[in-house]
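I set out to record what I looked up in this structure, entry by entry.

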Amino acid sequence: MTRTLQNRRILLVIGGGIAAYKALDLIRRLRERGARVRPLLTKGAQEFVTPLAAAALAGERAHTDLFDRAEEADVGHIKLARDADAIVVAPATASLMARMATGAASDLAATVLLATTLPILIAPAMNVRMWQHPATRRNLATLTGDGVHVIGPNEGAMAEAEFGPGRLAEPTEIADAVEAMLAGMETASGLGFLAGRAPAGPLAGRRVLVTSGPTHEPLDPVRYLANRSSGRQGHAIAAAAAAAGADVTLVSGPVSIPDPAGVRVVHVETARAMLAAVEEALPADIAVFTAAVGDWRPAAVGASKIKKDGSEPAPLRLVENPDILATIAGRSSGRPTLVVGFAAETDDVLANARKKIARKGCDLLVANDVSAAGGVMGGRDNTVHLVGRDGSVETWPTLDKDEVGRRLVARFAALLTA
Ligand code: C5P
C-alpha cells in the first residue's frame with residue numbers, strides 16, 4: 001500500500017450523477033494512500049449515495065446543507081473552503097461544472113468552490129452528449145483557464161446504453177491525479193501559494209525528453225526504410241508534459257502532424273541522428289522513448305539513385321541501429337530519474353513486454369498491440385498496458401492518444417515524487 005498522500009487533507013465534493021457510487025471507492029483509495037477525506041455531498045448526490053455511507057468510509061462527518069445552522073456554527077462554508085490541502089470534485093456533473101464556471105454560489109458545494117483558493121481537481125462524468133455540448137465545452141475551457149485540474153472522463157459504455165467519453169475516471173486514476181496536482185504545488189514553490197493555485201502544474205521545474213515518430217533510414221537519396229508510426233502518441237505526451245509545466249524537448253522523426261505548442265522540437269531523420277539529438281538534450285528528469293526507431297539501416301547508402309539495369313536487384317544488406325532507449329537507460333552517469341520505454345508488439349504483448357523491460361533497463365514500459373486489426377499504428381486511439389520492473393501489469397481502457405498522454409504524464413509526475 002503506497003502512502004503517498006500521507007496526512008494530506010482532501011475535501012471531496014460528490015456531485016449528483018450515477019457515478020456518485022464510485023466516489024465511495026475513491027474515498028477508500030485516497031485513505032489507503034494516507035489522505036484524510038472530508039466528504040461534501042450535493043443534493044443530487046444524495047439521491048445516489050447517502051451521507052452516512054460517505055461519512056462511514058471517510059471516518060469523518062459528511063457535509064450537505066448550506067443553511068444548516070449547527071453546521072455553520074461548527075465548521076462553516078468558509079472554513080470548509082480553507083481547511084484542506086486540495087478539493088476534488090467527483091463526479092463533476094455538467095451542472096456542477098456550469099455552477100463553477102459561472103461562479104454561482106447556489107448550494108454548499110458551489111459556495112465552497114467559489115470561496116476557495118485551494119487547488120481543485122474535477123473528474124467529470126455525464127452523458128456523452130452533455131459532455132460534447134458546446135456549453136460544457138465552454139465551461140471546461142473556462143475552468144481549465146481558471147487553473148482547475150481535470151481528470152477524464154473516460155470513454156466507454158454509459159448507463160444509458162450509449163458509448164463515448166463521459167465515464168468517471170477510475171478511482172485509482174483520480175487518486176494519481178490528486179498526487180500529481182499536489183506534487184506540482186510543491187515544486188511551484190512560493191508562486192503557487194501566492195496565486196492560491198499552482199500556476200505551473202505538476203511538472204513545473206522538471207525537464208522532460210520525449211522521442212516520437214518513425215525514423216527514415218536512407219537507401220539512396222530518394223529511397224528509405226520506414227514504418228507506419230504517426231508520432232501522435234509521442235507528440236501527445238510531449239504536449240501533456242508541457243501543459244503540466246515541464247520544460248520539454250521533443251526529438252521527432254519525420255511526421256506529418258504539427259509540432260506541439262510550448263515544446264522545443266528537434267527534427268531528425270535517422271536513428272543515429274535521433275540518438276545524437278537525445279544525448280544533446282540531456283540532462284532530463286524524465287525521458288520517454290515513444291519513437292518507433294528503425295531497428296536496422298541499409299549497410300551502404302547510395303550517393304546517387306540506384307538504377308534498374310535489367311539484371312537481378314542487389315540484395316539489401318542491413319546493419320543494426322543503436323538502441324537509444326537501452327543506451328540512455330544504461331548510462332552510469334546522467335541517467336534520467338525516470339526512463340520510460342514503449343513496446344509496440346503484434347503478438348504476446350505482455351510476455352514480450354516483460355522481457356523487454358529487463359533487456360532495456362527502463363523503469364516503466366508502456367506496451368501496446370500494434371497488429372493491423374487494432375489500427376493503433378497511425379490511428380487515434382490506443383490501448384496500453386503499464387508494465388513495471390517487478391512484472392506487474394496495469395491495463396488501461398482504450399482511450400484517444402491525447403488522453404493516454406495526459407494520464408501517462410500524471411503517472412510520471414506521481415512516480416517522480418513517490
Ligand atoms: O526493441 P523495440 O524496438 O521493440 O523497443 C521499443 C522501445 O525501444 C521503444 O521505447 C523505442 O523508442 C525504443 N527503441 C530505441 N532505439 C531503437 C529501438 C527501439 O530507443 N533502436
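I began with the terms for exposure: a residue is buried under 20% relative accessible area, exposed over 50%, and partly exposed in between. I also note at the outset that this is a predicted model.

**Entry 1. Positive phi**

I looked up Asn7, which lies in the segment before strand 1. Its phi is near 65°, a positive value in a residue other than glycine.

I then turned to Asp348, in the loop between strand 16 (338-345) and helix 14 (349-360). Asp348 is not a glycine either, yet its phi is positive at about 40°. Is Asp348 buried or exposed? Its relative accessibility is 59%, and Asp348 therefore counts as exposed, the cut-off for that class being over 50%.

**Entry 2. Cis peptide bonds**

The bond from Gly152 to Pro153 is cis, and its omega is near 5°. I located Pro153 in the loop between strand 5 (149-150) and strand 6 (154-157).

The bond from Leu282 to Pro283 is cis as well, with omega near 10°. Pro283 sits in the loop between helix 12 (271-281) and strand 13 (286-289).

**Entry 3. Nonpolar cores**

Which residues touch the most other members of the largest nonpolar core? I found Leu30, Val88, Ile174 and Val178 in a core of 35 residues. Among the elements that each supply at least two residues of this core are strand 1 (9-14), helix 1 (20-32), strand 3 (86-92) and helix 9 (171-187). Strand 2 (36-41), helix 2 (51-58) and strand 4 (120-124) are also on that list.

Leaving out residues up to four places away in sequence, Val178 touches Leu5, Ile10, Leu30, Val88 and Leu121.

I also recorded a second, separate core, which has 32 residues and includes Ala246, Val340, Leu386 and Leu399.

**Entry 4. Helix 11 against helix 15**

I describe two packed helices by the angle between their axes and the distance between the axes. For helix 11 (residues 232-243) and helix 15 (residues 401-417), the axes come within 8 Å and cross at roughly 50°. That angle makes helix 11 oblique to helix 15. The crossing of this pair is right-handed.

On the helix 11 side, I listed Arg232, Gln233, Ala236, Ile237, Ala240 and Ala241 as making the contact. Helix 15 contributes Lys401, Asp402, Val404, Gly405, Arg406, Leu408, Val409 and Phe412. By class, the residues of this contact are eight nonpolar, two polar and four charged.

**Entry 5. Helix 5 against helix 8**

I next examined helix 5 (residues 94-102) and helix 8 (residues 134-145), whose axes are 9 Å apart and which pack at an angle of about 50°. Helix 5 and helix 8 are therefore oblique to each other. Their crossing is left-handed.

Ala94, Met97, Ala98, Met100 and Ala101 of helix 5 meet Thr136, Asn139, Leu140, Thr142 and Leu143 of helix 8.

**Entry 6. Helix 6**

How many of the eight residues of helix 6 (residues 108-115) are buried? Six are, and I noted this helix as mostly covered. The buried residues are Leu108, Ala109, Ala110, Thr111, Val112 and Leu113.

I looked up Ala238, which is found in helix 11. Its relative accessibility is 0%, so Ala238 counts as buried. Apart from neighbours within four places in sequence, Ala238 is in contact with Val210, Val248, Leu250, Pro260 and Val263. For Ala238 and Val263, 25 residues apart along the chain, I noted a C-alpha separation of 7.1 Å.

Ala62 lies in the loop between helix 2 and helix 3 (69-74). At 14% relative accessibility, Ala62 also counts as buried. Again leaving aside neighbours within four places in sequence, I found Ala62 in contact with Pro39, Leu41, Pro51 and Ala55. The C-alpha atoms of Ala62 and Ser371 are separated by 49 Å, and the two residues are 309 residues apart along the chain.

Key:
Residues numbered from 1 in each chain as written. Predicted model: local features only at pLDDT ≥ 70, side-chain atom pairs only at ≥ 80, totals over all residues. Heavy atoms only, no water. Core = buried A, V, L, I, M, F, W, Y, C linked by side-chain atoms within 4.5 Å. Buried < 20%, exposed > 50% of the residue type's maximum accessible area, 1.4 Å probe, protein only. Helix = DSSP H or I, 4+ residues; strand = E, 2+ residues; numbered from the N terminus. Contact = heavy atoms within 4.5 Å. Axes fitted to C-alpha atoms, helices over the stretch in contact; angles between N-to-C directions. Parallel < 35°, antiparallel > 145°, perpendicular 65-115°, else oblique. Left-handed = near helix turned anticlockwise from the far one by under 90°. Nonpolar A, V, L, I, M, F, W, Y, C, P; charged D, E, K, R; others polar.
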